[in-house]
Amino acid sequence: MIGKLTGHDDTIAAIATAPGVGAIAVIRLSGLKAIDITDILFPSRDLAAQPGHTLHFGGLHFQGRVVDEVVVSLFRAPKSYTGEDVVEISCHGSPYIQQQVMDALIATGARLARPGEFTQRAFLNGKLDLTQAESVADLIASNTAASHQTAMQQMRGGFSKELFALREQLIKFSALIELELDFSQEDVEFADRSALQQLVDQSLVEVEGLVHSFKVGNVIKNGVNTAIIGRPNAGKSTLLNTLLNENRAIVSDIAGTTRDTIEEVLNIGGILFRLIDTAGIRESSDTIESIGVQRSLEKMREAGIVIYLFDVSELTADDLLTQVRQFDQEGISYLLVGNKADILGFEEARAKFATFTNLILISARDHAHIDELRERLVNSVMGGAINTENTIITNVRHYAALQEVYAALLDVKKGMETRLPGDLLALDIRRALHYLADIAGEVTNEDRLDYIFSKFCIGK
Ligand code: GDP
């Protein structure tokens, strides 16, 4: 059945390593003829007679000349990344040689792979489930330690295992309910209702945890927009420079961004903090504003977190209270940072703002307590409980499906409370199961698969 679904009797090829010059490059082939095609170009060894998981060194010949000396890695179906016969040709890394090898393969019967097609085949051949396949894309795109770890955890099946356990629970539940239905004439209650209630409650907690983890997952994957706001002369530029000196992320490494949209990015604890309106900060010493934040209101709404920086020797506790109320009213997440604590002394500054328990005192100029600020920044966006060992949802598709699962489970819970008949309960349970299966890719149609895999790069 899988073969029919894939319709993949052609052999695909692509350069698997990054474009440009490298010491070596890897060109990957997958499909029924992967080994035959390579054999034609590689006369020094009879590849068709070699076992899988072996390496072979020799010349790659095309149109009567040697293109390069290469190492051929053989993987025989089903023990390969795609589950098909796979050949990886390691050649020297010049773009010219890579292109020559590709030309030779295509002239000999391979076809250029579409983006994500290797991973798509791996999925269709049951080597990966959809969440694992999608995490391959995340893994390639990951640019911080935290996003790398999350993608890796998913690829190795952490999330899939959790979903599987949840499904087992629900299947057990629906089996019990349906058993009861079969005997409904006899008015028996096989299913211990209180145990079922517990099961649903437990599942609800688990799904809710996963749904909530999306916020954290999104932060890990995409970073968080950060605004430094405060009156003129509060020390915003000074703080910006202090942070940038030690934590500046290399912007060109960050996928999907351009220099225009991000001004500066900090990498703190593996989280990317994208600083917005840094130009505004740098000019702000000249602007005269009542409280220095009005103009920035729009920026603040855009931000995932606002650092409100103030001069502890200048601002009064009442001023700060006014500011805090405004943030609360606007629903803005903020961090209160009292700067120039060196002027008053940290102790006196603490006493002046004693009613604000969440305040961080620093001296941007002297680089004092900047570590504490960094730590609080990370905690505030990770909701305190960051542990990438836990499953974290980073994918919008999974998030949407989990919300459906949650809604269905909530209906089951309500149904049990109102003593809904078993057949109606079973419907809601099945709806929850349907969306769980959808996440793993079991009810996904081919168009949607093409869409998901098209977001990969070629060669994966
Ligand atoms: P901005 O207008 O908010 O960007 O403020 P600036 O960063 O330009 O700083 C305004 C003035 O405050 C400058 O003269 C800084 O040297 C000074 N300043 C900044 N941070 C500190 C600090 O931690 N302690 C002291 N004593 N002065 C600071």
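Predicted model: local features only at pLDDT ≥ 70, side-chain atom pairs only at ≥ 80, totals over all residues.
User: How many helices and strands does the protein have?
Analyst: The protein has 460 residues, and 49% of them count as buried. Its secondary structure comes to 18 helices and 12 strands.

User: Leaving aside neighbours within four places in sequence, which residues is L402 in contact with?
Analyst: In general, nonpolar side chains of soluble globular proteins tend to be buried together. With neighbours within four places set aside, the contacts of L402 are F159, L163, V207, L210, V211, I393 and I439.

User: Why is one side of β8 and of β12 left without a neighbour in the sheet?
Analyst: The open sheet runs β8-β9-β7-β10-β11-β12, with mixed pairing. β12 pairs with β11 in the parallel sense over 2 bridges. β8 and β12 stand at the edges, so one side of each lacks a neighbour because each has a single partner strand.

User: What angle does the direction of α15 make with that of β9?
Analyst: Helix α9 packs on the sheet, and its direction makes about 60 degrees with that of β8. Helix α15, residues 370-382, also packs on the sheet, touching β7, β8, β9, β10, β11 and β12. Its direction and that of β9 make an angle of about 100 degrees.

Key: Residues numbered from 1 in each chain as written. Heavy atoms only, no water. Helix = DSSP H or I, 4+ residues; strand = E, 2+ residues; numbered from the N terminus. Buried < 20%, exposed > 50% of the residue type's maximum accessible area, 1.4 Å probe, protein only. Contact = heavy atoms within 4.5 Å. Pairing = 2+ DSSP bridges. Axes fitted to C-alpha atoms, helices over the stretch in contact; angles between N-to-C directions.
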